[in-house]
Amino acid sequence: MQKSGERLRFCEHRCSKCTIIKITLTQNTRKCLIRPLYRVDISRIFSKYIGETEKNLSAIFDAARGSNVILFFDEADALFSKRTEIGSSNDKYANSETAFLLQKIEEYDGISILATNLYNNFDTAFVRRITYAVRLDSPDEEARHTLWKTMLPASARVEEDIPFRFLAKKFELSGANIKAILFGAAYMAGAEGKPIGIGHIVRSMEYEYRKLGRFIDREAFGPYAKYLSTPGRHAAGGAKPRNFDEYSF
């Protein structure tokens with residue numbers, strides 16, 4: 001990357017911003033020498049004690065300046081939020097923290113990447129200082145296929161005949177959804193002592209759909225609908241099909 005500055009990546013859907021940023025940086029390393037990425041844990045920055053938040057922010061920017069790293073703020077709207085009218089002492093301190101952060105980001109001459117689902121929550125002063133704003137739409141079929149194939153660790157035991165192309169074509173899922181489904185399937189397979197198979201993925205997908213309140217279309221699963229649980233019925237041989245809720249970890 002040739003130019004220092006702030007980059008903002010945002011989307012209205014859960015599109016796994018962290019994954020996309022990691023893929024982008026991995027691809028860039030093939031072309032040029034890139035700095036290491038440091039993900040800022042926002043939950044560890046805020047403090048209820050006066051002055052501690054500013055102290056934590058200073059430590060982060062000082063360490064980044066000395067290490068020559070790229071700062072990555074995920075869910076950045078929580079940190080770079082709009083300043084409000086002062087109605088109480090809490091508002092006063094919150095605004096002072098925002099002003100201090102604005103000052104630190106202005107002084108920092110390195111690269112910062114901000115990711116958010118709530119772009120409109122950003123303070124306008126921060127928006128003016130963003131060099132590039134990149135909108136990330138929901139992944140298309142090819143992107144979903146790549147996510148299905150690469151989201152699991154290389155060390156994971158996976159059956160060879162999993163129809164990732166079928167899953168990518170039939171189900172319009174975000175990167176975050178795909179990750180949750182695959183990791184849920186991995187837990188199921190681990191509990192059974194087996195490699196991850198399409199059956200585990202389908203059952204995990206069913207659990208994810210129910211968690212999100214989405215309709216489960218059995219026909220969309222085609223020949224793999226047999227792995228779905230069927231209310232009021234039992235699997236062949238009288239055994240009740242296992243679902244995610246039956247596993248304990």
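Modeller: First a term: a residue is buried under 20% relative accessible area, exposed over 50%, and partly exposed in between. Take Phe-166, which has a relative accessible area of 21% and is therefore partly exposed. Keep in mind that this is a predicted model.

Biologist: OK, and how much of the chain is buried?

Modeller: Buried residues make up 41% of the 249 residues in the chain.

Biologist: What's the pattern along the sequence?

Modeller: Reading along, you get β-α-β-α-β-α-β-α-β-α-α-α-α. That goes with eight helices and five strands in the chain.

Biologist: And the contacts, what share joins residues at least 24 apart?

Modeller: Counting contacts between residues at least 6 apart in sequence, 73% join residues at least 24 apart.

Biologist: Let's do helices. At what angle do α5 and α7 pack?

Modeller: About 30°, with the axes of α5 (residues 141-150) and α7 (residues 175-192) 10 Å apart. Angles under 35 degrees count as roughly parallel, so α5 and α7 are roughly parallel to each other. The crossing of α5 past α7 is right-handed.

Biologist: Which residues make that contact?

Modeller: From α5 there are Arg-144, Leu-147 and Trp-148, and from α7 there are Gly-175, Ile-178, Ile-181 and Leu-182. By type, the contact of α5 with α7 has five nonpolar residues, one polar and one charged.

Biologist: Now α7 and α8, how do those two cross?

Modeller: They cross at roughly 130°, and the axes of α7 and α8 come within 8 Å. That angle makes α7 and α8 oblique to each other. The crossing of α7 and α8 is right-handed.

Biologist: What does α7 meet in α8?

Modeller: The α8 side is His-200, Ile-201, Arg-203, Ser-204, Met-205, Glu-208 and Leu-212. On the α7 side you'll find, among them, Asn-177, Ala-180, Gly-184, Met-188 and Glu-192. Ile-181 and Leu-182 of α7 are in this contact, and they are part of the contact with α5 too.

Biologist: And how do the residues of the α7 with α8 contact divide?

Modeller: Into nine nonpolar, four polar and three charged.

Biologist: Switching to rings. How many aromatic pairs are there?

Modeller: A search of the whole structure turns up four. One of them is Trp-148 with Phe-164, which is stacked, at 6.4 Å centre to centre and 25° between the planes.

Biologist: Where do Trp-148 and Phe-164 sit?

Modeller: Trp-148 is in helix α5 and Phe-164 in helix α6 (residues 164-170), 16 residues apart, so to speak a link between distant parts of the chain.

Biologist: Are Trp-148 and Phe-164 buried or exposed?

Modeller: Both Trp-148 and Phe-164 are buried.

Biologist: What about the pair with Phe-166?

Modeller: Phe-166 pairs with Tyr-224, and that one is edge-to-face: 5.2 Å centre to centre, 65° between the planes. Phe-166 is in helix α6 and Tyr-224 in the segment after α8 (198-212), 58 residues apart. Tyr-224, at 21% relative accessibility, counts as partly exposed.

Biologist: Last topic, where is Leu-118?

Modeller: Leu-118 lies in the loop between β4 (111-116) and α4 (124-128). With a relative accessible area of 44%, Leu-118 is partly exposed.

Biologist: And what separates the C-alpha atoms of Leu-118 and Ala-78?

Modeller: 9.3 Å, with Leu-118 and Ala-78 being 40 residues apart along the chain.

Conventions: Residues are numbered from 1 along each chain as its sequence is written. This is a predicted model: local features need pLDDT of at least 70, side-chain atom pairs count only at pLDDT 80 or more; totals for chains, interfaces and linings use all residues. Side-chain values use heavy atoms; hydrogens and water are left out. Axes are lines fitted to C-alpha atoms, for helices over the stretch in contact, and angles run from 0 to 180 degrees between N-to-C directions. Helices (H or I, at least four residues) and strands (E, at least two) are DSSP runs, numbered from the N terminus. Angles under 35 degrees count as roughly parallel, over 145 as roughly antiparallel, 65 to 115 as roughly perpendicular and the rest as oblique. A crossing is left-handed if the near helix is turned anticlockwise from the far one by less than a right angle, and right-handed if clockwise. Contact means heavy atoms within 4.5 Å. Ala, Val, Leu, Ile, Met, Phe, Trp, Tyr, Cys and Pro count as nonpolar, Asp, Glu, Lys and Arg as charged, and the others, Gly among them, as polar. Rings of Phe, Tyr and Trp (its six-membered ring) pair if their centres lie within 6.5 Å; planes under 30 degrees apart count as stacked, over 60 as edge-to-face and the rest as tilted. Buried means under 20% relative accessible area, exposed over 50%, partly exposed in between (1.4 Å probe, protein chains only).
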